[in-house]
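Reader: I would like to learn how to read charged pairs and nonpolar cores in a model. Please take them in turn.

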Amino acid sequence: MKKRNLDGSNGNIKYWHDLRKVSRSFFSRQSGGGSVMVWSAFSFNGQVGLAFLDGRQNSPKYIETLENHLMPFAENIGERNWQYQHDDAPIHISNATKNYLNSKNLTVLEWPPISLDLNPIENVWGIMFRKVYEN
């Protein structure tokens, strides 16, 4: 999952910008807004799953996302020996989430500390946000 502000910085929260383009000024928003939470998965054969999520995420909502999006995606790719990767966000490593994943017999790859650049999904986010900011 990735939260991105679509209209610039939100205090200390990071926002995506393409370093290959000239920086632009952003307006200040009032009353919040302007962000989107996205869950995505991809397979080695090029299939992509994408879901736009509502509101702040917590463990129960993350489990719901896995049930409604990951499991159908996994069924669709038809592979039996696949592995899932997510980072060490609190909702990803909660006991409830671990119990859910164990109940589905899913293999979760260990997340190495301080390794954002090693996560292949970051390439997908980069492509997606370049398209969003293209215009």
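Reader: Which residue forms a salt bridge with lysine 104?

Author: A salt bridge is a side-chain nitrogen of Lys or Arg within 4 Å of a carboxyl oxygen of Asp or Glu. Here lysine 104 pairs with glutamate 67, and their closest N and O atoms are 3.6 Å apart. Lysine 104 sits in the loop between α3 (95-103) and β5 (107-108) and glutamate 67 in helix α1 (residues 59-77), so the bridge ties together parts 37 residues apart in sequence. Helices (H or I, at least four residues) and strands (E, at least two) are DSSP runs, numbered from the N terminus. This is a predicted model: local features need pLDDT of at least 70, side-chain atom pairs count only at pLDDT 80 or more, and totals for chains, interfaces and linings use all residues. Residues are numbered from 1 along each chain as its sequence is written, and side-chain values use heavy atoms, leaving out hydrogens and water.

Reader: How many salt bridges does the structure hold?

Author: One.

Reader: Which residues touch the most other members of the largest nonpolar core?

Author: A nonpolar core is a set of buried (under 20% relative accessible area, 1.4 Å probe, protein chains only; exposed is over 50%, partly exposed in between) Ala, Val, Leu, Ile, Met, Phe, Trp, Tyr and Cys residues joined through side-chain atoms within 4.5 Å. In this core of 19 residues, they are Trp39, Leu66, Leu70, Trp82, Tyr84, Tyr100 and Leu106.

Reader: Which element gives the most to this core?

Author: α1, with eight residues.
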